[in-house]
Amino acid sequence: MGPKEVLELIREKDVKVVDLRFMDFPGIWQHFSIPSSELEENIFEEGLGFDGSSIRGWKEINESDMIVRPDPATAFIDPFMEHKTLVVICDICDPVTGEDYTRDPRHIGKKAVRYMSNLGIGDTAYFGPEAEFFIFDDIRFDQNAHCGYYFLDSVEGIWNSGRDEGPNLGYKPRHKEGYFPVPPTDSQQDIRSEMMLTMIEAGLDIECQHHEVATAGQAEIDLRFAPLVETADNLLKYKYIVKNVARKHGKTVTFMPKPIFNDNGSGMHTHLSIWKGDTPLFAGDGYGGMSEMAMWAIGGILKHAASLLAFTNPTTNSYKRLVPGYEAPVNLAYSSRNRSAAVRLPMYSNSPKAKRLEFRCPDPSCNPYLAFSALLMAALDGIQNKIDPGDPLDKNIYDLPPEELAKVPTTPGSLEGALSALSDDHEYLLKGNVFTEDVIETWIDYKMKNEVEAMALRPHPYEFHLYYDI
């Protein structure tokens with residue numbers, strides 16, 4: 001869809017409001033709206049001004065003016081607004097030079113794809129994320145000088161099996177038993193179906209929806225794979241729709257990786273394949289039906305995994321999911337079927353078109369443009385340097401003797417550890433000017449100051465259990 005088609009759609013659907021959206025640096029969608037009568041064809045080239053200093057991780061107050069440039073190909077009708085609203089995703093530009101802004105995450109995604117194409121390796125990188133989330137009925141939290149707590153609840157939570165619900169009907173998934181019971185145990189089939197159908201109405205291709213492993217309303221809706229930037233755009237639509245459908249039903253959704261203690265967290269297993277034209281380049285006659293190029297890509301991902309996680313698992317909460325003993329993959333190895341390995345080669349189909357790698361570490365708290373770009377850059381570095389990923393890990397990791405387990409490298413144990421790894425290992429991200437030193441430094445500085453150090457300063461509720469009587 002081009003500018004003329006967008007303007008025609010506005011007339012055809014009697015659109016009253018145009019909502020312009022863009023991604024901030026940490027990974028939250030931002031927006032402002034204009035009357036549809038104000039959207040003219042030249043705006044798609046010239047853009048509109050806004051205050052960049054009020055966006056996290058961007059401009060200082062003395063250089064605040066920025067430009068949003070709408071991408072007409074992203075336009076869709078908002079399914080929730082009372083007044084007919086057309087949403088358009090935007091790129092961010094500098095008003096003086098007219099150039100794309102280096103800290104715009106969407107611009108970084110475009111540069112990553114361009115860099116791959118310039119190398120002659122491939123022309124399309126397909127991504128397929130499997131985002132998980134929780135649907136809760138209540139959430140309360142606070143943190144101040146004299147108290148700190150959170151309280152969440154779900155009618156599905158197994159902890160409510162003894163609650164007087166007038167009447168309590170039971171049918172609450174036990175810990176780790178939410179995958180795949182039918183209703184009435186799965187009480188959220190209808191709401192997930194509404195989410196799925198609303199996504200389809202908004203132009204997303206959806207493969208399936210289902211309850212996930214944890215108790216208390218853990219869910220998954222799978223997007224069909226698409227090129228890098230398009231997939232990141234789609235994931236933002238996905239989150240927007242999921243949260244607003246839940247709100248319509250008096251419920252709330254979180255994409256926090258680990259909101260519940262002692263049950264499964266929410267990951268975002270991410271599938272990657274590289275194509276040239278109609279040819280899938282990861283298909284071959286090697287291990288798992290993969291090509292030599294695919295093996296090198298895996299080698300690059302495993303080599304750079306520690307620094308990569310600073311973008312794919314970018315919250316302090318992320319590392320409460322990435323712990324040994326759960327299905328979350330902490331082992332930096334690859335396998336065709338072993339789900340405890342960081343990289344899995346799905347074996348559902350032998351078709352060359354289905355051959356891809358699945359990076360299982362990421363979680364849905366990430367900024368998808370940055371996470372997908374970093375993942376692609378690690379894979380490209382592996383391909384360029386023909387990095388051998390070593391032997392596959394096809395054994396049950398939990399049955400390995402200690403001396404053998406000690407030889408398997410693992411993911412960082414904290415966000416601080418991942419940021420430290422990024423500080424030491426980011427040359428592969430700078431190639432082709434995809435990420436810049438400014439982006440890397442700003443990311444590390446923002447995350448350390450606003451998240452790592454902020455968390456370290458605050459007493460944790462469990463510390464009172466451990467230490468109050470000492």
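Keep in mind as you look that the model is predicted.

Let's begin with two helices that meet. Two packed helices are described by the angle between their axes and the distance between the axes. For helix 3, residues 105-119, and helix 5, residues 228-248, the axes come within 9 Å and cross at roughly 155°. Because an angle over 145 degrees counts as roughly antiparallel, helix 3 is roughly antiparallel to helix 5. If you want to display the contact, select Arg106, Gly109, Lys110 and Val113 on helix 3, together with Leu228, Val229 and Asp233 on helix 5. Sorted by class, this contact of helix 3 with helix 5 holds three nonpolar residues, three charged residues and one polar residue.

Next, follow the chain into the loop between strand 9 (148-153) and helix 4 (189-201), where you will find proline 167. The peptide bond leading from glycine 166 into proline 167 is cis, and its omega is near 0°. Phenylalanine 180 also has its place in the loop between strand 9 and helix 4. Here a cis peptide bond links tyrosine 179 to phenylalanine 180, with omega at about 5°.

While you are there, have a look at tyrosine 171, which sits in that loop between strand 9 and helix 4 as well. Tyrosine 171 is not a glycine, yet its phi is positive, at about 50°. Is this residue buried or exposed? Its relative accessible area is 52%, and since the cut-off for exposed is over 50%, tyrosine 171 is exposed.

A second residue of this kind is asparagine 262, again not a glycine, with a positive phi of about 70°. To find asparagine 262, go to the loop between strand 13 (252-254) and strand 14 (268-276). Its relative accessible area is 43%.

Finally, turn to helix 7, which spans residues 305-312. How many of its eight residues are buried? The answer is seven, so with buried meaning under 20% relative accessible area, helix 7 is mostly covered. On the buried list are Ala305, Ser307, Leu308, Leu309, Ala310, Phe311 and Thr312.

Terms used. Residues are numbered from 1 along each chain as its sequence is written. This is a predicted model: local features need pLDDT of at least 70, side-chain atom pairs count only at pLDDT 80 or more; totals for chains, interfaces and linings use all residues. Side-chain values use heavy atoms; hydrogens and water are left out. Axes are lines fitted to C-alpha atoms, for helices over the stretch in contact, and angles run from 0 to 180 degrees between N-to-C directions. Helices (H or I, at least four residues) and strands (E, at least two) are DSSP runs, numbered from the N terminus. Angles under 35 degrees count as roughly parallel, over 145 as roughly antiparallel, 65 to 115 as roughly perpendicular and the rest as oblique. Contact means heavy atoms within 4.5 Å. Ala, Val, Leu, Ile, Met, Phe, Trp, Tyr, Cys and Pro count as nonpolar, Asp, Glu, Lys and Arg as charged, and the others, Gly among them, as polar. Buried means under 20% relative accessible area, exposed over 50%, partly exposed in between (1.4 Å probe, protein chains only).
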